Amino acid sequence: MTQQQLDAVVEKVSKEFAALYGSEPEGVWQAPGRVNLIGEHTDYNDGFVLPVALPQAARLAVARRADGVVRLHSAQGAGGTVEFTLDSLRPGSVPGWGAYLAGALWVLREQGHALSGLDLHLDSDVPTGAGLSSSAALECALLLACDELFGLGIDRPTLARLAQRSENDYVGAPVGVMDQTASLCCAEGAALFLDTRDLSQRQVPLDLAGAGLALLVVDTRVEHGHADGEYRHRRSGCERAARLLGVPALRDVEDVDAALAALADDEEAQRLARHVLTENDRVREAVRLLDAGEFRALGPVLTAGHASQRDDFRISCPQSDLVVETALAQGALGARQTGGGFGGCVIVLTTPDLAPAIAEAVTSAFASHAWNAPTSFLATPAPGARRVAPTAE
Ligand code: ADP
Ligand code: MG
């Protein structure tokens, strides 16, 4: 996104704020969505992930109020303005989309931070439910805004933990910590190599254009109705595997072959563990390749990650598999479904010249199945969450 485009977006959200609430916002904060290059379903196993922030972001115009009232509005959310008092916040007290923002305020108060009421208006171009983490973008934009407006002095990894806690305990979604950390901690032009156990992290330079490559994101537009239940089932299966192996988390397995042999009597636990253990290895291998500038060699690592999700973790779907197959047949270097699973988006590593043909081939393959037309865009590693107005100049 150019500065000019960003200025236009900031002006729009500020104007809409003023029309809704009758005064100017004190500032606009934005937090991005993300794609995960590799490291799927590893975050709740204390493992490794490698996300990249997207230019698509949630933008939140905010002003403090003198009382304890909170008003929320979203350009994309149904039902007009949502209103509640800070004192009335209990897990689940605000339903629907407002829960993601209410939860962020709830968790700050749980931590003993003093807040005042707020007026908020949100405008996000992160597609929702597509595995690009639109939910974390909302939470992180608000937590960063509160940190600055109320002078809380909370560091970003801690804000990410709070965002996760609000999504777990307020919204009721048992998510790991990757999405929130990616939104808050990613840097422009880099992937974030993150250890989800202690949130230690390193920016891994990812100059795709410089390497003559592009990352195509294809949205299958498949939203799995039972994704929550499937997620819980995988998560408890991983916990069972760790228990059977006598380790605190699958992350702690040292001898992969021995661990898989030890799980021979529990076919499901063995499959789930095999995905997580080999996926952690793939993240470390991907980082090694990026550090060495061997960007093209990343392709087969991505494709192997897809096979593992499809065959071992069983979280793919026919649409995602078809995108991967079609992209590879068109000459892509590698491809995999990204995000929680059962649809959402597929990332394709390719040379830029092939990207349009890949997108076209995927579209016609989907048409031949009479599936919804997929959408696609090229991802460039964007900055993490920040205030975009007023800017310090
Ligand atoms: P993902 O994070 O992969 O996009 P989730 O199911 O975790 O999918 O989060 C999607 C939910 O986040 C939406 O159903 C909605 O409640 C909320 N949400 C995301 N973006 C917006 C927005 N711009 N306005 C209102 N709600 C939003
Ligand atoms: Mg989400």
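1. UniProt positions are given here in the numbering of this structure, feature names are shortened, and annotations may be inferred rather than shown by experiment. One such annotation, from an unreviewed UniProt entry, is "domain: Galactokinase N-terminal", covering residues 15-64. That span is 14% helix and 52% strand, with its end C-alpha atoms 17 Å apart.

2. The model is predicted: local features need pLDDT of at least 70 and side-chain atom pairs count only at pLDDT 80 or more, while totals for chains, interfaces and linings use all residues. Residues are numbered from 1 along each chain as its sequence is written, and chains are lettered from A and ligands numbered from 1 in the order in which they are written.

3. The chain contains 11 helices and 13 strands; these are DSSP runs numbered from the N terminus, with helices being H or I of at least four residues and strands E of at least two. Along the principal axes, the C-alpha atoms fill a box of roughly 60 × 50 × 40 Å. The chain has a radius of gyration of 21 Å, which agrees with the value near 21 Å for a compact globule of 393 residues (taken over C-alpha atoms; the globule rule is 2.2 Å times the number of residues to the power 0.38).

4. Of the 393 residues, 49% are buried, a term that requires 20 or more other C-beta atoms within 10 Å of the residue's own, with C-beta atoms placed from the backbone. Strand 3 (residues 51-64) is largely enclosed by the rest of the structure, because 12 of its 14 residues are buried.

5. Strand 3 also takes part in two pairings (two strands pair if DSSP finds at least two bridges between them). Strand 1 (residues 27-36) runs antiparallel to strand 3, joined by 9 bridges, and Gln30 stands opposite Arg59. Strand 6 is likewise antiparallel to strand 3, with 7 bridges; here Ala61 faces His121.
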